[in-house]
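Thanks for making time this morning.

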Amino acid sequence: MRLKVENLHYSYGESDALKGVSFFVNEGEFVGLIGPNGSGKSTALKNIYRGLRPDKGSIEIDGENLLTMSYKNSALKMAVVGQENDVPFDFMVEEIVAMGRTPHKKLFDLDDEHDKEIVHHALEHLGMESMAKKNYLHLSGGEKQRVIIARAIAQESDFYILDEPTNHLDISYQLQIFDFIKRLNVTVLSAIHDLNMAALYCDRLYVLKKGEIVLSGSPEEVLTEENIYNVYGVNSSVTKNALTGKVSISFLPAGVNK
Ligand code: ADP
Ligand code: MG
């Protein structure tokens, strides 16, 4: 799976949310989109998973034009995991996971034994099999996200689009969710709010600011004190953690200078 986005433009009415954005994700990479609130991360992802239609530009998956592909074919190629509260409806856990099978089926096809097995395995993979019959809305935030990842697994796609998937989750779930996804060995494009999480899990980063990509590279190249100040306007102290081998960022409150 390789994604190539070129010169992507998108506006909501008069306001330009993406002003000619280009980036790529190679097979097997974990790529992070970072940037301040409102910089266009979700808009970029929505254009890729076809929640929005680009005004201009091209999006290719494995060299194929995504914008002329049937919706069903594009749905087979990518699994989407949004924020924890993105599923408003009242379903059992196993029903939500079974929705991952939808792009594989024809209209009105019922779930067969094969589908049921896949759903069961997906839940098992995330340690959620005992919750199959529970009401989704009664789960905790971290459990809900595990169900949505199980749905993505049931879809059997090897490309995941994540939009701040651990927002509102406490630190143990944040690590657990990213660890699960990392272990799947799939290709990932994820908007990530937390720069330390981006540093821990991403191979490469793109920084969006006001609808443009202003920086890109490895977390080490991108997450410097100078860049963080230029993009977010905050002072920080960036060090390399001896255990993870990754950069680690401490933000400095007013009055603390390096
Ligand atoms: P991010 O995900 O980086 O926080 P978004 O892609 O959600 O940013 O938003 C980019 C810009 O587009 C922001 O200025 C935001 O206010 C605007 N925007 C997002 N969604 C809509 C919408 N549905 N209608 C109008 N403007 C929107
Ligand atoms: Mg967003």
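**The open sheet and what packs on it**

Please keep in mind throughout that this is a predicted model. Let me begin with the sheet in which four strands are arranged in the order β2-β1-β4-β5, an open sheet whose pairing is antiparallel. The edge positions are taken by β2, residues 15–25, and β5, residues 64–65, and because each of them has a single partner strand, one side of each is left without a neighbour in the sheet. At the β5 end, the partner is β4, residues 56–61, and these two strands pair in the antiparallel sense over two bridges, with E60 having N65 as its bridge partner in β5. Helix α1, residues 41–48, packs on this sheet and touches β1, β2 and β4, while its direction makes about 115° with that of β1.

**The ligand**

If we look at individual atoms, a backbone N or O atom of G38 lies 2.7 Å from an oxygen atom of the ligand, and a polar backbone atom of S39 is 3.2 Å from a ligand oxygen. From T43 it is the side chain that takes part, with an N or O atom 2.5 Å from an oxygen atom of ligand 1. Taken alone, ligand 1 exposes 560 Å², of which the protein buries 56%.

**A covered strand**

Let me turn now to β8, residues 187–191, where five of the five residues are buried. In a regular strand the side chains alternate between the two faces of the sheet. Here both faces are covered, with T187, L189 and A191 buried on one side and V188 and S190 buried on the other. Which strands pair with β8 in the parallel sense? One is β3, residues 30–34, over four bridges, where F30 stands opposite V188; another is β7, residues 159–163, over five bridges, where L162 stands opposite S190.

Leaving aside neighbours within four places in sequence, V234 is in contact with I228, Y229 and F251.

Methods. Residues are numbered from 1 along each chain as its sequence is written. Chains are lettered from A and ligands numbered from 1 in the order in which they are written. This is a predicted model: local features need pLDDT of at least 70, side-chain atom pairs count only at pLDDT 80 or more; totals for chains, interfaces and linings use all residues. Side-chain values use heavy atoms; hydrogens and water are left out. Two strands pair if DSSP finds at least two bridges between them. Contact means heavy atoms within 4.5 Å. Axes are lines fitted to C-alpha atoms, for helices over the stretch in contact, and angles run from 0 to 180 degrees between N-to-C directions. A polar contact is a pair of N or O atoms within 3.5 Å; within protein, one must be able to donate a hydrogen and the other to accept it, and residues adjacent in sequence count only if both atoms are side-chain atoms. Accessible areas come from the Shrake-Rupley method with a 1.4 Å probe; for residues, only the protein chains shown count as cover. Buried means under 20% relative accessible area, exposed over 50%, partly exposed in between (1.4 Å probe, protein chains only).
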